[in-house]
Amino acid sequence: MVTGLRINVSESEMVQISDVDNLDTLADMLGCKVGSLPMSYLGMPLGASYKSSFVWNPILEKLERWLARWKKMYLSKGVA
């Protein structure tokens, strides 16, 4: 409240990291959902093995798309 920031609890999830009693009750009190790992946060997978292709494929695809746009904008076509 001091900073003026607001939390959209309808889009928030409570994720259990260790044993938590009454997690569903806590989520109901706050008005949010209960999530689980692995999950995605800001486009990055959390809780998955870093060696898994599940983790890196979306990141590599996004990077390749970004590089393709960058190359198209900044590389010369060789026209004199």
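These legends go with several close-up views of a predicted model. Local features are taken where pLDDT is at least 70 and side-chain atom pairs at pLDDT 80 or more, while totals for chains, interfaces and linings use all residues. Residues are numbered from 1 along each chain as its sequence is written, and side-chain values use heavy atoms, with hydrogens and water left out.

View 1. Helices here are DSSP runs of H or I with at least four residues, strands are runs of E with at least two, and both are numbered from the N terminus. Of the 80 residues, 8% are buried, where buried means under 20% relative accessible area, exposed means over 50%, and partly exposed is in between (1.4 Å probe, protein chains only). Take the contacts (heavy atoms within 4.5 Å) between residues at least 6 apart in sequence: 4% of them join residues at least 24 apart.

**View 2. A nonpolar patch on the surface.** Ten side chains are listed here: Y50, W56, L60, L63, W66, L67, W70, M73, Y74 and L75, with about 1100 Å² of accessible area together. Areas come from the Shrake-Rupley method with a 1.4 Å probe, and for residues only the protein chains shown count as cover. To join a patch, a residue needs over 30% relative accessible area and no salt bridge (a Lys or Arg side-chain nitrogen within 4 Å of an Asp or Glu carboxyl oxygen); nonpolar side chains are joined within 5 Å, like charges within 9 Å.

**View 3. L60 and W70 on helix α2.** L60 sits in this helix, which covers residues 53-74, and is partly exposed at 42%. W70 is partly exposed too, at 39% relative accessibility. From W70 to V20 is 50 residues in sequence and 47 Å in space, C-alpha to C-alpha.

**View 4. The L37-P38 cis peptide bond.** Omega is about -5° here. P38 is in the loop between β2 (33-35) and β3 (39-41).

**View 5. N22 and its positive phi.** Though not a glycine, N22 has a phi of about 60°. Look for N22 in the loop between β1 (13-15) and α1 (23-30), where N22 is exposed at 55% relative accessible area.
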